[in-house]
Amino acid sequence: MVIILLGNISTTFDDKNNTVLSGQVKNIGGNRADFVKLNMTLYRDWSAKLPPKTFTIFVDGSTMYFDQDSTKMSNSSIEPQATADFSLIIPSSFGTLMSWKYDIDFEEY
């Protein structure tokens, strides 16, 4: 099972001048992926005066219940060949966003 980024991560600003990073991921594998998330490391300063920060964003996927009493559930599951959106709001107090790197993580149940 493989989850990939579709296209690019877009950068916009909301009405409070927060930076919003958003995009889509796709499950190109043959099995459902559960608890799909992006771990994004954000860099603020090339001179390393301000250390990078890592944020975790769960995708906006489908809801899946894993047991009969519905206590285990994921709303970030992606079926095979399906896509899901994600969005990260970075407060303006974070400073100037210089760059980022990401990795995609998921579970399979």
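**Strands, core and ring pairs in a predicted model**

Q: Is Phe94 buried or exposed?
A: Phe94 has a relative accessible area of 6%. Buried means under 20% relative accessible area, exposed means over 50%, and partly exposed lies in between, with a 1.4 Å probe and protein chains only. With its 6%, Phe94 therefore counts as buried.

Q: In this predicted model, which atoms do the side-chain values use?
A: Residues are numbered from 1 along each chain as its sequence is written, and because the model is predicted, local features need pLDDT of at least 70 and side-chain atom pairs count only at pLDDT 80 or more, whereas totals for chains, interfaces and linings use all residues. For side-chain values, hydrogens and water are left out, and the atoms used are heavy atoms.

Q: How many bridges pair strand 1 with strand 2?
A: Strands are DSSP runs (E, at least two residues; helices are H or I, at least four), numbered from the N terminus, and two strands pair if DSSP finds at least two bridges between them. Strand 1 covers residues 3-13 and strand 2 covers residues 19-27, and their pairing is antiparallel. One example is Ile4, whose bridge partner in strand 2 is Lys26. The number of bridges between strand 1 and strand 2 is eight.

Q: Which residue in the hairpin of strand 1 and strand 2 takes a positive phi near 65°?
A: This hairpin has five residues between its strands. The residue there with a positive phi near 65° is Asn17.

Q: What is the order of the strands in the open sheet of three strands?
A: The pairing in this sheet is antiparallel, and the edge strands, each of which pairs on one side only, are strand 4 (53-58) and strand 8 (99-107). Strand 3 (residues 34-43) pairs with strand 4 over six bridges, and the bridge partner of Thr41 in strand 4 is Thr54. The order of the strands is 4-3-8.

Q: How many residues make up the largest nonpolar core?
A: A nonpolar core is a set of buried Ala, Val, Leu, Ile, Met, Phe, Trp, Tyr and Cys residues joined through side-chain atoms within 4.5 Å. In the largest one, Leu21, Val25, Met40, Leu42, Val59 and Phe86 touch the most other members, and strand 1, strand 2, strand 3 and strand 7 each supply at least two residues. The number of residues in this core is 19.

Q: What is the relative accessible area of Thr19?
A: Thr19 has its place in strand 2, and its contacts (heavy atoms within 4.5 Å), not counting residues up to four places away in sequence, include Thr11, Phe13, Leu88 and Leu97. Thr19 is buried, and its relative accessible area is 10%.

Q: Which residue forms a stacked aromatic pair with Phe35?
A: Rings of Phe, Tyr and Trp (its six-membered ring) pair if their centres lie within 6.5 Å, and planes under 30 degrees apart count as stacked, over 60 as edge-to-face and the rest as tilted. A search of the whole structure finds two aromatic pairs, and in the stacked one the rings lie 5.5 Å centre to centre with 25° between the planes. Phe35 lies in strand 3 and its partner in the loop between strand 5 and strand 6, so the pair ties together parts that are 31 residues apart in sequence. The partner of Phe35 is Phe66.

Q: What is the angle between the planes of Phe55 and Phe94?
A: These two rings form an edge-to-face aromatic pair, 6.2 Å centre to centre. Phe55 lies in strand 4 and Phe94 in the loop between strand 7 and strand 8, so the pair ties together parts that are 39 residues apart in sequence. The angle between the planes of Phe55 and Phe94 is 65°.

Q: Which residue lies over the face of Phe94?
A: A charge sits over a ring if NZ of Lys or CZ of Arg is within 6 Å of the ring centre and within 35 degrees of the ring normal. Over the face of Phe94, at 4.7 Å from the ring centre, lies Arg44.
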